[in-house]
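This briefing sets out selected features of a structure for computational work.

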Amino acid sequence: MAALVTVVLPGDEIPRSSLPTPTGKKKTLTLGPGLRHIPPDTITTTIAGALTTDNKKNAIWVDTNSGRYIPAVGDLVIATIQNSVFESFNCLLTPNTPFASLPQLAFEGATRKTRPVLAPHSLVYARVVSNGQHTSPEITCVDPSTGKSEGLGPLKSGMIFNVSLGMARRLLLKSKGEVIVLELIGAKVGFEITVGRNGIVHVDGANVKTILAVGRAIQEVDEQALGEKGQKKLAERVLKSL
Amino acid sequence: MPREVEISIIEREFIQNALQEGIRRDGREFDAFRPLELNFGDEYGVADVQLGKTRVIVRISVDVVAPPPERKFDGVFQIVTEFSPMASPAFEVGRPTDAEVILSRVLEKAIRRSNALDTESLCIIAGLKCFALRADVHIVDHDGGLIDASCIAVMAALQHFRRPDVIVEGEKATVLSTRERDPIPLSILHQPLSVTFSYYEEGNLFLVDADLAEEQVRQGEIIITMNRHGEICQVNKYGGAPVEPLDLLNLNNVALQKVKDISKFIQQKLDEDAKKRDAGGLMAELSAENAR
Amino acid sequence: MHPTTQLSPLHRADGSATYTSNGYTIIGAVNGPIEVQRRDELPTEATLEVNVRPAVGVGSPRERHLETLLHGALRSVVLTESLPRSLVQITLQVSGMPSEEGDCGVSSSLSILPHLLHTALLALLSASIPLSTILTAALVVIPSSSSTPLVSPTANQLLRAKPIRSAHVFAFSGDGSLLMNESDGVFSLQEWDEAVEATEEVCCKEEGGVGLSEGMEVDGREGGSLDTWLREVVRGKVNWEMRWKTAR
């Protein structure tokens, strides 16, 4: 497995042979993070990592698990409200970055008369709507097409845990993100997790012990890169302690 | 203005609720330190301390200067702390935060003014020449507990440091390089170490070695510095809720136990390091003999 | 001897690296892209901030000079226009120096420069800041006694080669073009040419280079160029990050 990984450094030119061969309907090539197109037809890398391709989606990107979170449209994030100005809340996605704005009407059922009241330093689960290079990001807690929250909105209790960006992506993968520890624990104890692409996992459960156990289990899988066997062992240990 | 980001409401509530149930976020006991690691550099007087995710590097250096005229028989000893953006983007160069001011003040009181180092031994020729010792404290990674970690690092580095030997002939002093003569250890009178207690619940609940999140939730802190013989060098309480006198006495007992443990740990690491260096010395001597 | 290095040893910073080579130990950290202060804000590109902190004492004009040099070189490497109105903050903490540093006859700001450049680059890679290329650098000195240049000499070698006529630092980009040059002392144009060539050999990948298609690694790692070394470091990082895919 590991031998097949193509390691790239910034400035490497991607040869034509490394580009994905489209198998799906999509004919235009999609360049993901870490790549840039220099017209007419040169593609070079900008970050260090593993070159990854997806033939079905005709996409190519550089996979890495380090650095600061950069908002991308469509990402689910956990944001911290800082203050409220006029018609919107100022939120932080990562510390020491410019604020992301969350309109006060971007909540389910919010109208001009009934606006949500959120205190500074409370958390919301939101989706990134726009992020231009020259504008600050905008996020929303409502699905614009249905007007429903679809699971987005303020997070009320529980606890948050920091994980690596790669781990957050793994947890959000629809197909088995290979984090079976959660299923194993979840079979015995009830809990709820919310994953923000910005490296934050929110865990809520019946009591302090459960929340901590689940949160720490996720962090452990992340830090030690546990495989299936390791996770099974971890799940057993966690369940025993509860 | 860059600022340290404040902790979110649910984190604050969760940490407080958990403490009420007697649980710390990382599963430690209330009176337990995070895992402590101590490494010495290749050079004398460099100590690298890791306390959980907090990391502090201290480097001792020496220079020869004229002593201050009002203290002719003393050497000079200085502890310098400066935060850098490395530990947190909230730290700005040349703009000390409150935490930085408190840290340097506590270190000053705990180590320098408690006479941990015998400054008179740094005198070379009274009124003319003396050693100026300098401890540079570099905060590299910041996850709370800076005072305790810095104190450990400074004391370990001082004990590890060797100053060059000097020959004095009348008014003339010659500093011998380390190649000419083995450098000599500093004369250290006692080893003060700090234990910071963070308190919650109106002073009913005390934590040892709080991490950054726990520090942000606490009502106040009490810093106790003492040596392993139980001699208290300083007690500090910067604001916050009032604390019962009896609690303070109890904290002293806890602190003493911690200081004893850490002193032992530092000594053990120093011994290991000395052994490593000595092994090299012995080997070198043997090979020299063979060459003859 | 290639430098030893560790990527991302620090928890707080977005990217970091420790670096040890020829007696120098440096810790580098990068934060970014983060919010920039109004007065430093640039409308079309990122602001680069470089802080060099000496092992002993607080910064002096020497550090400010080094910061200016590093800023110039790194600005041509970081794709600043892709992160407008933001700040990329690079902090380099020197934590160890060879004890002979003061008396080896080469200006200390020259001898430490390649190491600072490497540390900064590694920390930038660790922080995944977009770069247009990588860079490698080396010190080369020409002693008075001979005309053969010494490339990346240790402090000890410098002591023995004393007196030194001229010292140069060259930095090359990934595709082998000269990014930066600092020279000190008396030298002829021909000597300078030789110095460039000698450094290029150490820094850049071999002709016909190990491009993307490299599946097999060069065995004699010690003999490889700094470019190969850098690739090896990143390979280690990638394998570390991907290990969950293969873990049991």
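In this predicted model, the largest nonpolar core has 200 residues, of which Ala79(A), Ala153(B), Val154(B) and Ala157(B) touch the most other members.

- Leaving aside residues up to four places away in sequence, Ala79(A) touches Cys91(A), Leu92(A), Leu93(A), Ala100(A), Leu102(A), Val124(A), Ala126(A) and Ile139(A).
- Chain A comprises 242 residues, and 38% of them count as buried.
- Its secondary structure consists of 4 helices and 15 strands.
- Along the principal axes, the C-alpha atoms of chain A fill a box of roughly 55 × 50 × 35 Å.
- When contacts in chain A between residues at least 6 apart in sequence are considered, 63% of them join residues at least 24 apart.
- An unreviewed UniProt entry assigns residues 29-68 of chain A the annotation "domain: Exosome complex exonuclease Rrp40 N-terminal".
- That span, residues 29-68 of chain A, is 0% helix and 52% strand, and its end C-alpha atoms lie 26 Å apart.

**Contact between chain C and chain A**

- The contact brings together 35 residues of chain C and 34 residues of chain A.
- On the side of chain C that touches chain A, the elements giving two or more residues are S3, helix H2 (108-126), H5 and helix H6 (243-246) of chain C.
- With 7 residues, H5(C) gives the most to this side of chain C.
- By class, the side of chain C that touches chain A holds 16 nonpolar, 10 polar and 9 charged residues.

**Contact between chain C and chain B**

- Here 20 residues come from chain C and 23 residues from chain B.
- Strand S3 (24-34), strand S4 (47-53) and strand S5 (87-96) of chain C are the elements that give two or more residues to the side of chain C that touches chain B.
- S5(C) gives the most to that side, with 5 residues.
- The side of chain C that touches chain B is made up, by class, of 8 nonpolar, 10 polar and 2 charged residues.

**Open sheet in chain A**

- The order S1-S5-S6-S2 describes an open sheet of 4 strands in chain A, with mixed pairing.
- Strand S1 (6-8) and strand S2 (30-31) of chain A are at the edges with a single partner strand each, so one side of each has no neighbour in the sheet.
- S1(A) pairs with strand S5 (residues 49-54) of chain A in the antiparallel sense over 3 bridges, and Val8(A) has Gly49(A) in S5(A) as its bridge partner.
- Helix H5 (residues 226-241) of chain C packs on this sheet, where it touches S1 and S5 of chain A, and its direction makes about 120 degrees with that of S1(A).

**Open sheet in chain C**

- In chain C, 4 strands form an open sheet in the order S7-S6-S8-S9, and the pairing is antiparallel.
- The edges are taken by strand S7 (150-151) and strand S9 (178-185) of chain C; each has a single partner strand, so one side of each is left without a neighbour in the sheet.
- Strand S8 (residues 164-173) of chain C is joined to S9(C) by 7 bridges in the antiparallel sense, with Ser166(C) opposite Gly185(C) in S9(C).
- H2(C) lies across strand S6 (135-143), S8 and S9 of chain C and runs at about 170 degrees to S6(C).
- Helix H4 (residues 189-203) of chain C also packs on the sheet, touching S6, S7, S8 and S9 of chain C, with its direction at about 135 degrees to that of S6(C).

**Chain B: annotation and strand pairing**

- UniProt, in an unreviewed entry, lists residues 33-164 and 190-257 of chain B under "domain: Exoribonuclease phosphorolytic".
- Residues 33-164 of chain B are 23% helix and 36% strand, with end C-alpha atoms 36 Å apart.
- Residues 190-257 of chain B are 28% helix and 37% strand, with end C-alpha atoms 16 Å apart.
- Strand S2 (residues 46-51) and strand S3 (residues 54-65) of chain B pair in the antiparallel sense over 6 bridges.
- The hairpin of S2(B) and S3(B) has 2 residues between the strands, and Gly52(B) takes a positive phi near 60 degrees in it.
- S3(B) is also joined by 11 bridges to strand S6 (residues 129-141) of chain B, and these two strands run antiparallel.
- Within S3(B), Val58(B) is the bridge partner of Ala47(B), and Val58(B) also stands opposite Val137(B) in S6(B).

Note on methods:
Residues are numbered from 1 along each chain as its sequence is written. Chains are lettered from A and ligands numbered from 1 in the order in which they are written. This is a predicted model: local features need pLDDT of at least 70, side-chain atom pairs count only at pLDDT 80 or more; totals for chains, interfaces and linings use all residues. Two residues are in contact if their C-beta atoms, placed from the backbone, lie within 7 Å. Ala, Val, Leu, Ile, Met, Phe, Trp, Tyr, Cys and Pro count as nonpolar, Asp, Glu, Lys and Arg as charged, and the others, Gly among them, as polar. Two strands pair if DSSP finds at least two bridges between them. Axes are lines fitted to C-alpha atoms, for helices over the stretch in contact, and angles run from 0 to 180 degrees between N-to-C directions. UniProt positions are given in the numbering used here, feature names are shortened, and annotations may be inferred rather than shown by experiment. A nonpolar core is a set of buried Ala, Val, Leu, Ile, Met, Phe, Trp, Tyr and Cys residues joined through C-beta atoms within 7 Å. A residue is buried if 20 or more other C-beta atoms lie within 10 Å of its own, exposed if 12 or fewer, and partly exposed in between; C-beta atoms are placed from the backbone.
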